[in-house]
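Q: I have just opened this one and would like to walk through it with you. Could we start with the open spaces and then look at the helices?

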Amino acid sequence: MKYVALPDDKVRRLSFYLAMEEYVARNIDEYDLFFYWQVEPSVIFGRNQLIENEVNLEFCREHGIKTYRRKSGGGCVYADMNNIMFSYITKDEAVGFTFNRYINMVVLVLQKLGVDAKASGRNDVMIGDRKVSGNAFYHIPGRSIVHGTMLYDTDMVNMVGSITPTDEKLLSKGVASVRQRIALLKDFISLDIEQFKAFVRNNLCDGEIMLNADDIRGIEEIEKEYLTDEFVYGNNPKYTIVRRRRIENVGDIELRIEVKNNVIKGIVMLGDYFIVGDVDACILQPLKGVEMTREAVSKALPERINNTILNLGKDEFIDLLLDN
């Protein structure tokens, strides 16, 4: 696996690194590629999440925390210079297999450092019963992209406050609660953050690809999309019915449905689930104009939707849609 390096040590905004993943995936012809990055305090939320549902925008403005949307699914994440973000790009298009392979690579690196790390749930790396890394993925033609956090250390007040109420009592309780559920790697290894980064690179990569000024310009061109209000904030969908449910091994799903005379006129799907196919083409578009009955909905949907939303069964989705 090759490490993708930038020609300088400049700290860039988070959107640059998301664009860098896309650029690398589309322009560098290597089977496996990897790089890591750090950012000034930022919140990054998933492709299918509404920013007002996930981010405390007032807290972020008051504390200089930037907000960005990514193209992968999953939940809301806080990042700063004391934790590390990993990016992995591969030609393997079996997304579920690729995701598991990446998670296991991270686990093995931590185990080499004597850390009792293991994979858990949909997307986490755990130390004991505490989370040290959360990850997400998405797919473009010919490439799979996995990215995630590695909590070496972090500002706990910012982490909790950026996604929870600013009330001081709630914030204090939130920090204590979250601290019991996450592991900071600095507490388990003797390496400082720079030594840890070097260890990861040396153990995962066997060569380097150095980007040049033309590559930087190409990345910045892709980055423009990530900075538009339309991409970051999205359009609030019209709806007459809201269905919400957490489905085991899938995630939180919220359906906003515009219904007239018991017929679906429009539908939007929000949440922290993982996308492995085209949700709009395979699930949402087929439902437009369909009567809100089990028979009609079942007939409109494909037999399998777990190859579009990871681990989601057709009956589970229909139960949610019809509130059964």
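Q: What volume does the second largest pocket have?
A: This is a predicted model, in which local features need pLDDT of at least 70 and side-chain atom pairs count only at pLDDT 80 or more, while totals for chains, interfaces and linings use all residues. Residues are numbered from 1 along each chain as its sequence is written, and side-chain values use heavy atoms, with hydrogens and water left out. The second largest pocket has a volume of about 860 Å³, a volume being the space filled by probe spheres set on grid points that are joined across faces, edges and corners. On a 1 Å grid over the protein atoms alone, a pocket is an open set of points with protein on both sides within 12 Å along at least five of seven lines, a cavity is a set where a 1.4 Å probe fits but cannot get out, and lining residues have an atom within 4 Å of a point.

Q: Which lining residues are closest to the centre of that pocket?
A: Those are Arg47, Asn48, Arg69, Met269 and Ile275, out of 28 residues that line the second largest pocket.

Q: And which element gives the most to its lining?
A: Strand E14 does, with four residues, and E14 (263-271) is one of the elements that each supply at least two, along with strand E9 (130-140), helix H9 (229-233) and helix H10 (279-287). Helices (H or I, at least four residues) and strands (E, at least two) are DSSP runs, numbered from the N terminus.

Q: How does that lining divide by residue type?
A: It has 15 nonpolar, six polar and seven charged residues, where Ala, Val, Leu, Ile, Met, Phe, Trp, Tyr, Cys and Pro count as nonpolar, Asp, Glu, Lys and Arg as charged, and the others, Gly among them, as polar.

Q: Switching to cavities, how many of 30 Å³ or more are there?
A: The structure holds one, and the largest cavity has about 30 Å³ of space.

Q: Which residues line the largest cavity?
A: Its lining consists of Phe86, Val106, Val109, Leu110, Met150, Phe196, Val200 and Leu204, which divide into eight nonpolar, no polar and no charged.

Q: At what angle do H4 and H7 cross?
A: The axes of H4 (residues 95-112) and H7 (residues 193-204) cross at roughly 120° and come within 10 Å. H4 is therefore oblique to H7, since angles under 35 degrees count as roughly parallel, over 145 as roughly antiparallel, 65 to 115 as roughly perpendicular and the rest as oblique. The axes are lines fitted to C-alpha atoms, for helices over the stretch in contact, and angles run from 0 to 180 degrees between N-to-C directions.

Q: Which residues meet there?
A: Met105, Val109, Leu110 and Lys112 in H4 meet Phe196, Phe199, Val200, Asn203 and Leu204 in H7, with contact meaning heavy atoms within 4.5 Å. The residues of this contact divide into seven nonpolar, one polar and one charged.

Q: What about H1 and H8, how do their axes cross?
A: The axes of H1 (residues 14-27) and H8 (residues 213-226) come within 8 Å and cross at roughly 115°, so these two helices are roughly perpendicular to each other.
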